[in-house]
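Subject: The structure I promised you

Hi,

Here is the structure for you to look at. Open it next to this email and follow along as you read.

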Amino acid sequence: LHGWGVSLKGDLPIGVRRHSVDTWMEPELFSMDFQAGAPPDMFSDLGQNWEFPTYNWAQMKADDYQWWASRLAAMSQYFDALRIDHILGFFRIWRISNEATQGLLGYFYPTQGVTREELEQRGIDFDETRDCSPLITDKFLQSILGEQTSVVIARYLQPSEHAPEQYVFQAKFDTQRKVEAYFDAHHDADNPLKQHLLAIHSNVLFITELTDNNIVYHPRFNLHKTFAYQTRSAE
């Protein structure tokens with residue numbers, strides 16, 4: 001091709017599949033408890049979840065990024081130039097816990113989270129159990145479920161031990177991932193009720209991050225649109 005004046009440019013995704021040979025051979029290079037995606041935007045109110053694991057950059061740095069050197073060297077055998085799709089992922093990535101399935105429940109990483117002390121210093125009445133867990137009340141359920149409310153309460157929820165007149169998910173449905181798995185196992189992935197349950201899970205104000213030194217919190221993207229925020233604002 002070069003003799004004809006033709007050069008080839010390849011497209012290299014920023015991430016690799018969770019079950020790829022790379023993650024199997026060198027799992028320490030990846031943060032397998034997380035997945036990459038994108039925040040909500042004009043194209044998706046729920047954000048995106050690409051499902052590939054984020055990188056353990058500290059571990060990659062320890063061996064001078066040999067995995068990346070090998071990857072680029074292998075691609076250079078086939079292409080004259082490379083475009084790295086979502087190259088911004090080298091510097092920050094939209095990170096989502098494996099327990100979530102919607103990009104809506106992610107946050108940029110690395111970024112500066114907010115500590116409990118900083119929230120309290122600003123006069124914010126913060127409670128981790130209340131503000132980092134779905135706020136599930138009869139009013140909220142009725143607003144999205146209508147006449148299905150009683151069925152959902154009986155099948156998927158249980159009374160909260162910490163807050164009167166509120167509910168929590170039963171253990172087998174207490175993450176978005178578990179909800180997805182349940183409907184997939186019953187070959188009912190297109191059931192609209194699944195989306196309602198995922199929406200209930202996203203009714204939170206903050207997302208928790210455990211760092212090396214502390215626990216920090218990230219405001220949920222578009223938290224002002226949540227029932228939890230509207231309820232707090234009305235108090």
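By class, 16 nonpolar, ten polar and five charged residues make up the lining of the largest pocket. In that scheme Ala, Val, Leu, Ile, Met, Phe, Trp, Tyr, Cys and Pro are nonpolar, Asp, Glu, Lys and Arg are charged, and the others, Gly among them, are polar.

Before going on, some housekeeping. This is a predicted model, where local features need pLDDT of at least 70 and side-chain atom pairs count only at pLDDT 80 or more, while totals for chains, interfaces and linings use all residues. Residues are numbered from 1 along each chain as its sequence is written, and side-chain values use heavy atoms, with hydrogens and water left out.

Back to that pocket. A pocket here is an open set of points on a 1 Å grid over the protein atoms alone, where a 1.4 Å probe fits and there is protein on both sides within 12 Å along at least five of seven lines; lining residues have an atom within 4 Å of a point. How much space lies in the largest pocket? About 830 Å³, where a volume is the space filled by probe spheres set on the points, with grid points joined across faces, edges and corners. Of its 31 lining residues, Cys-132, Ser-133, Pro-134, Asp-174 and Val-204 lie nearest the centre.

Strand E7, helix H5 (128-131), strand E11 (166-169) and strand E12 each supply at least two lining residues, and E11 gives the most, with four. These labels are DSSP runs numbered from the N terminus: helices are H or I with at least four residues, strands are E with at least two.

The second largest pocket holds about 370 Å³ of space. It has 19 lining residues, and Ala-199, Ser-202, Arg-220, Lys-225 and Thr-226 are the ones nearest its centre. Helices H6 (138-145), H9 (192-201) and H10 (227-234) each supply at least two residues of this lining, with the largest share, three residues, coming from H6. By class, the lining has seven nonpolar, eight polar and four charged residues.

H9 turns up again in a helix pair. Its axis and that of helix H8 (residues 176-185) come within 9 Å and cross at roughly 170°; axes are lines fitted to C-alpha atoms, for helices over the stretch in contact, and angles run from 0 to 180 degrees between N-to-C directions. H8 and H9 are therefore roughly antiparallel to each other (the cut-off is over 145 degrees). In contact (heavy atoms within 4.5 Å) are Gln-176, Val-179, Glu-180 and Phe-183 of H8 with Leu-193, Lys-194, Leu-197, Leu-198 and His-201 of H9. Those residues divide into five nonpolar, two polar and two charged.

Now the strands. An open sheet of four strands has the order E4-E3-E7-E8, with antiparallel pairing; two strands pair if DSSP finds at least two bridges between them. Strands E4 (48-49) and E8 (106-109) stand at the edges, each with a single partner strand, so one side of each has no neighbour in the sheet. Inside the sheet, four bridges join E3 (residues 34-38) to E7 (residues 93-97), and Phe-34 has Ser-97 of E7 as its bridge partner.

Finally, find E12 (residues 206-210) and E13 (residues 215-219), which pair in the antiparallel sense over five bridges. They form a hairpin with four residues between them, and the bridge partner of Thr-208 is Tyr-217 in E13.

Cheers

Methods: Angles under 35 degrees count as roughly parallel, over 145 as roughly antiparallel, 65 to 115 as roughly perpendicular and the rest as oblique.
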